Protein chains: 2
Amino acid sequence: MALRTAEIIAVGSELLGPSRLDTNSLYISERLAGFGIELRVKSVVGDDRGDLAARLRQAVERVDVVVLTGGLGPTDDDLTRDVVAEVLERPMTIDESIVEQIRARFGRRSLTMPEVNRRQAMVPRGAIVLDNPNGTAPGLFIDHGGTVLVLLPGPPREMQPMFDRVCDGLLRDRAGDERVYRTSIFLTGLGESHVEQLAQPIYARWRDGASAVSTTILAAMGQVELHLSVRETDEARGLDVLDRVRAELLAVLGDHVYSTDGRLMEEVVGDVLKARGLTIAAAESCTGGLLMSRLTDVAGSSAYVRAGIVAYDNADKTALIGVAADLITRYGAVSEPVAVAMAEGIRARTGADVGVGITGIAGPGGGTPEKPVGMVVIAVMAPGRDAYVRTFNFLGARAQVKFQSTQAALDRVRRMVTDSR
Amino acid sequence: MALRTAEIIAVGSELLGPSRLDTNSLYISERLAGFGIELRVKSVVGDDRGDLAARLRQAVERVDVVVLTGGLGPTDDDLTRDVVAEVLERPMTIDESIVEQIRARFGRRSLTMPEVNRRQAMVPRGAIVLDNPNGTAPGLFIDHGGTVLVLLPGPPREMQPMFDRVCDGLLRDRAGDERVYRTSIFLTGLGESHVEQLAQPIYARWRDGASAVSTTILAAMGQVELHLSVRETDEARGLDVLDRVRAELLAVLGDHVYSTDGRLMEEVVGDVLKARGLTIAAAESCTGGLLMSRLTDVAGSSAYVRAGIVAYDNADKTALIGVAADLITRYGAVSEPVAVAMAEGIRARTGADVGVGITGIAGPGGGTPEKPVGMVVIAVMAPGRDAYVRTFNFLGARAQVKFQSTQAALDRVRRMVTDSR
């Protein structure tokens, strides 16, 4: 019988505090989804025998796959193995081959294995031991009369490769023939409800088709994401259906779409600049260096990022970027002529091909009735294109205004460079 | 009987996907901890009647307070009210006063309330209705024979003010006399194990004292955090104990500590600059604008941030910042003389009081045996102080190298400006 449903239980009191989140579950649910296994519940329990046993008992009754992370260390706090053995009523035995592996691991660092680590070699009867090349805690895989339990260590760098191997082997053998194929579309410059209105007729039709496509629409800061998935036994057919839905969506969403392969905006901009052999420089006021920081988050960006100037002060806009002082006096620092002069100035001073100028009011202070908080002017100059300048009114707190401004500026660079001859 | 234990259940299928995490639980657990109510389990369930009922039934049996978030909207997917009524075996009735409030809310935007919104006025018998000034979904508070259930809407801007009011009223009345008092110490420039070694003798002594203090040590990117808490019925005594532990810890941790009130590094630096009436400017290479962006994340930073220059290219280091070309030729772009020249240059060009220069290799490419990835040189000039310059070797990926570099630079600014006469 195919595995269809799952629960993830993260074990560890530290994950219940006000400053930590379990993120392993994101990785695990994504891999499970690839097999068409639906995550029904996820939970976090502390290092408490009663809480964990209660949680596990209910999970084993209700789902096909239970994935537990954490609690596999050598100390008394590490209860996962014990509680699993108790709930499944499987006696534990020590596996001397695991003891030897742990002993060897310590030996390679010229250390003697502490006796307490023998606990990590305790195995419930019938469990398959999963090697851990990145740590001492081995994992366990138990097929309990058709219900599968997977016990993984908590640290992501130990958990992920171990779970990958389980997915490629033990779990693949037990999952059905169906797989879930997915793709995503990232776009900016359109609101969520507008995207919904354009996309809804398309995904309503595909939802009811022979290969049902499900769609999720997510509004994130400065962008909207469409996530599409289809459940299919035949890979070629699954991918073909996704291609066709995507093509229809791209036709209505147009050049608002900046990525269909998960790349971030700053990566897409970097790729179009590199493809055309162009360099970029930016003059920033209200975004305070965030645009440059995003561009330089991309590995290899030194190939196309020339330089940037952050000028908060009007005198610096003149001295560093070359904006004429009388332009600022006449129109104000937050104005279209000044934004254009910033883009022109940074291009002239650095010799970069593409110049960006951003000036605005990030808030919370500094707004006026004529120039309220969130008002941001963006100018872009690119080879062979008319200068672009536009005044935006962004909503949200300071960080949101900064981010949305850089997103709009990067998107404009993407469009202008993509279209440039 | 005092409330001691809690479970949080977040309801919503979208929270089970691979790209979303429930963050409401962090806020809720922090507020609960203030009453000495310990979070035992947290879980996420989809919009499924059976899964939610099973989860809720177990929670009601095992803890004193169950907080549910989400699933209070008007559609068929919104099951929280129904399932709570079913599990507690309390019949639902419609509360016409809620209908009127929702109708009025729509009316204020000149809209007619859709009939489906009547669902939001369904209330299990005995429940106290919680107003929602930020949305249509009212919350509910149910005292079920000593077990408390709190139903809150999912969006944080609706959930937080509603839960604050519950904490200040209904929950405070039922919590015991004990409260948990907390403080935190943020420091940088020392590794976690080094901090542990210095702090451990102090918190071992306080852990076993009359007012037991518990301590958590967390290593975050570029900093170590110590979180202290004490459970007390007497507020003055609780705060006094925390003051004394903090004073002992500060004595051994010295000026590595940059914040004891939760302020971030960029806020602390802003505050010391403001207090002394000084301005700052930065010349960045490998951090690519991140230092300026962090400084300008702080509201009001235009009072002390002058300007910044990002120069990836060596020619721009000379043209924009005034670094002598032969310095770069002789020592290389990543060198102490160049970092100092960058700090000097930006100070000279902008007239800022404090100048920062950062040059290094963020990776993953660009490293050599002599100058490996993660090597970063930081220089700071401040009034009345000798120039500071130091070469660091940071570990981690590109984003980590960038962040740690800005953290070390900001910390040096903090120390030099604090000590400046």
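Predicted model: local features only at pLDDT ≥ 70, side-chain atom pairs only at ≥ 80, totals over all residues.
How many residues of chain A are in contact with residues of chain B? The legends below start from that interface.

View 1. Residues are numbered from 1 along each chain as its sequence is written, and chains are lettered from A in the order in which they are written. On chain A, 53 residues are in contact with 53 residues of chain B (contact: C-beta atoms, placed from the backbone, within 7 Å). The side of chain A that touches chain B has 24 nonpolar, 16 polar and 13 charged residues (Ala, Val, Leu, Ile, Met, Phe, Trp, Tyr, Cys and Pro count as nonpolar, Asp, Glu, Lys and Arg as charged, the others as polar). Because 100% of the interface residues of chain A are also interface residues in chain B, the copies meet through the same surface.

**View 2. Rotation axis.** Chain A is superposed on chain B by a rotation of 180° with 0.4 Å of shift along its axis (RMSD 0.5 Å), using least squares on the C-alpha atoms of residues with pLDDT of at least 70 in both. The two copies are therefore related as by a two-fold rotation axis. Ser43(A) comes closest to this axis of the residues of chain A, at 2.0 Å (C-alpha).

**View 3. Strand 14 of both chains.** Strand 14 (residues 305–311) of chain A and strand 14 (residues 305–311) of chain B run antiparallel, joined by 5 bridges (strands are DSSP runs of E, at least two residues, numbered from the N terminus; pairing needs at least two bridges). Val310(A) has Gly308(B) as its bridge partner.

Notes
Contact = placed C-beta atoms within 7 Å. Helix = DSSP H or I, 4+ residues; strand = E, 2+ residues; numbered from the N terminus.
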